[in-house]
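Before reading on, take a moment to look over the model and its sequence together. The report that follows moves through a few selected places, one after another.

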Amino acid sequence: MGKSTGFLEYERVEEPAISPLKRINNFNEFHIHLSKEERAKQGARCMDCGVPFCQSGMTIKGMTSGCPLNNLIPEWNDLVYQENYEMAYKRLHKTSNFPEFTCRVCPGLCEKACTCSLNGDAVTTKANEMAIIEYAYEHGLADAKPPKQRTGKTVAVVGSGPAGLAVADQLNRRGHSVTVYERNDNVGGLLRYGIPNMKLEKQIIDRKIHVMEQEGVSFIVNANVGADIKASELTAKYDAVVLCCGASEPRDIDGAGRKDAKGIYFAVDFLTSTTKCLWNNNMTLVDGQYISAKDKDVIIIGGGDTGNDCVGTAIRHGCKSVTQLEMMPKAPDERAESNPWPQWPLVCKTDYGQEEAIAKFGHDPRLYTTTVKEFKTDKSGNLKSVVLVALQSQVDKKTGRKLMVPVEGTEKEVKCQLCLIAAGFLGAEKYVVDAFKVKVDGRTNVASKEGGFATSTAKVFAAGDMHTGQSLVVKAIRNGRDCAKEVDEYLMGYTNL
Ligand SMILES: Cc1cc2nc3c(=O)[nH]c(=O)nc-3n(C[C@H](O)[C@H](O)[C@H](O)COP(=O)(O)OP(=O)(O)OC[C@H]3O[C@@H](n4cnc5c(N)ncnc54)[C@H](O)[C@@H]3O)c2cc1C
Ligand code: SF4
Ligand code: SF4
């Protein structure tokens, strides 16, 4: 149980971050790891709670509390305290295929539910996870372990995001022969082209893909299934097909001038262009190869995490100013009484990009209860300004739902030469759905029986954001693992996954 007096003796110590004004000079990850001794003290703070909320992954009021993978957190926190990293890795690997991703990009649902956070500071579980997996790579523990026997069954996975990779990893481990089809030029889904380098350097993905290849998984890139490759080709060739194509249909916004103005992009296109450019040019930006925010006044529509990634990226480009618009009012700084532990805390968090904006421009980039009403252009059609309007909450008399509606007379024109839309995603893309003739639900996610993964088309399954709607990396991995179990049962008549 860590050290019996650990949480009394030791304070929570977070990994120090390189200061905002320094780190914006490059696109590297920016946390500095603690020494093994310091890390052991952080492991010592875990009290092996009788009811470990940290690993529960339960849903309270529609939000997840605790680790969705049910990682064996108290066990490996104790092993970190004992500096027994080999055993810690074995226990971590039991429930998690990709700790190298989650320890970097997961919002740490475990820590929000940690008992120590009830009246103090949570155990640093996420950073402990990173220490374990990085030790494992350094010491050969995470090397390839191909399955001893093959079943003779074949599976195609369409899409190589965290869900597709989890399906592939699980089914390959079981002995099935798995081929992953990816329409992009590189694998990883939003891990690769979405989440910026600052949160996840891309060689971390390649390191794992290399291990998976050695274990027998095949990857085919630049393979757009449903467009260049026929769906019927895959269903004829493989014993099962799993669709993990993400929820990549971006939500657009209305507003006069939206269709014609040059200089408005979806957030993922903006972020992807930067990542590709950096990857192709030895981590430097080359003019003309990416959507540039340099010397521009940037407006980002969307106050969430994707919007924050755009803030951090625009600042690294050298933007003149950056403003992030959020439709909703600012969340409280502390938990409200109606939002007690262990619920996910609905509080205002200042993320890395916003911290950087504060350091560079002297103020928080976020404007709450505000959206864009109109886009204005110069004579050449280039965006030159946007008209902002304040929003207020109103109850729709017909449906009883709360809506945010514009307040007339609050319009304000501000300069803007680059506008990024980070307003969420609508669901599965139609051409893949049509190609496989799978049914979708009211939210355009691929439908299945409650709790299942089999679609309306024989031998075709679906997992990840394409099935659940836009979510989190850790949930996509969990969903992929659960789907793999169902596919295994379908192929073998029973499952031991
Ligand atoms: C900008 C951004 C930042 C985010 N940051 C975080 C974060 O920090 N932490 C977090 O937990 N979550 C984050 N998320 C959410 C998270 O990335 C997703 O929930 C997760 O990646 C979903 O995984 P997935 O495998 O279902 O789909 P995706 O990651 O979307 O992968 C789907 C893959 O399928 C491929 N594909 C689609 N159609 C086809 C086809 N027809 N043929 C072949 N391939 C196809 C796509 O090219 C893509 O590679 C972020 C999302 C965005 C947009
Ligand atoms: S995957 Fe996320 S929730 Fe689970 S232990 Fe790691 S950081 Fe915590
Ligand atoms: S809730 Fe916190 S203290 Fe308790 S077992 Fe989990 S990580 Fe340890």
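A residue is called buried when its relative accessible area is under 20%, exposed when that area is over 50%, and partly exposed in between. The structure shown here is a predicted model, and the descriptions below should be read with that in mind.

**A residue in helix α14**

With these cut-offs, a first case can be worked through. Glu356 lies in helix α14, which covers residues 352-361, and because its relative accessibility is 0%, Glu356 counts as buried. If residues up to four places away in sequence are left aside, Glu356 touches Pro20, Arg23, Ile24 and Phe30, and also Gly312, Ile315 and Arg316.

**Backbone geometry and exposure in loops**

Most residues other than glycine have a negative phi, and most peptide bonds are trans. As for the peptide bonds, the one from Trp341 to Pro342 is cis, with omega near 0°, and Pro342 belongs to the loop between β9 (321-325) and α14.

Lys148 is another loop residue, located between α8 and β3 (154-158). Between the C-alpha atoms of Lys148 and Ala223 there are 29 Å in space, while the two residues are 75 apart in sequence.

| Residue | Relative accessible area | Class |
|---|---|---|
| Lys61 | 62% | exposed |
| Thr444 | 32% | partly exposed |
| Lys148 | 87% | exposed |

**Two helices that cross**

Two packed helices are described by the angle between their axes and the distance between the axes. How do the axes of helix α3 and α8 cross, and within what distance do they come? The axes of α3 (residues 36-44) and α8 come within 10 Å and cross at roughly 135°, and the two helices are therefore oblique to each other. The crossing in which α3 passes α8 is left-handed. On the side of α3 the contact is made by Lys36, Arg39, Gln42 and Gly43, and on the side of α8 by Ala127, Asn128, Ala131 and Tyr135. Sorted by class, the residues of this contact are 3 nonpolar, 3 polar and 2 charged.

**Surroundings of two ligands**

Which residues surround ligand 2? The shell is formed by Cys67, Asn71, Ile73, Thr102, Cys106, Leu109, Cys110, Lys126, Glu129 and Val474. The elements that contribute two or more residues to this shell are α7 (109-112) and α8 (125-138). By class, the residues around ligand 2 comprise 6 nonpolar, 2 polar and 2 charged ones.

Ligand 3 is surrounded by 13 residues, of which the closest are Cys46, Cys49, Cys54, Cys114 and Thr115. Helix α4 (residues 73-81) gives the largest share of the shell around ligand 3, namely 3 residues. Divided by class, the shell around ligand 3 holds 9 nonpolar residues, 3 polar residues and 1 charged residue.

Terms used. Residues are numbered from 1 along each chain as its sequence is written. Chains are lettered from A and ligands numbered from 1 in the order in which they are written. This is a predicted model: local features need pLDDT of at least 70, side-chain atom pairs count only at pLDDT 80 or more; totals for chains, interfaces and linings use all residues. Side-chain values use heavy atoms; hydrogens and water are left out. A residue is near a molecule or strand if one of its heavy atoms lies within 4 Å of it. Helices (H or I, at least four residues) and strands (E, at least two) are DSSP runs, numbered from the N terminus. Ala, Val, Leu, Ile, Met, Phe, Trp, Tyr, Cys and Pro count as nonpolar, Asp, Glu, Lys and Arg as charged, and the others, Gly among them, as polar. Axes are lines fitted to C-alpha atoms, for helices over the stretch in contact, and angles run from 0 to 180 degrees between N-to-C directions. Angles under 35 degrees count as roughly parallel, over 145 as roughly antiparallel, 65 to 115 as roughly perpendicular and the rest as oblique. A crossing is left-handed if the near helix is turned anticlockwise from the far one by less than a right angle, and right-handed if clockwise. Contact means heavy atoms within 4.5 Å. Buried means under 20% relative accessible area, exposed over 50%, partly exposed in between (1.4 Å probe, protein chains only).
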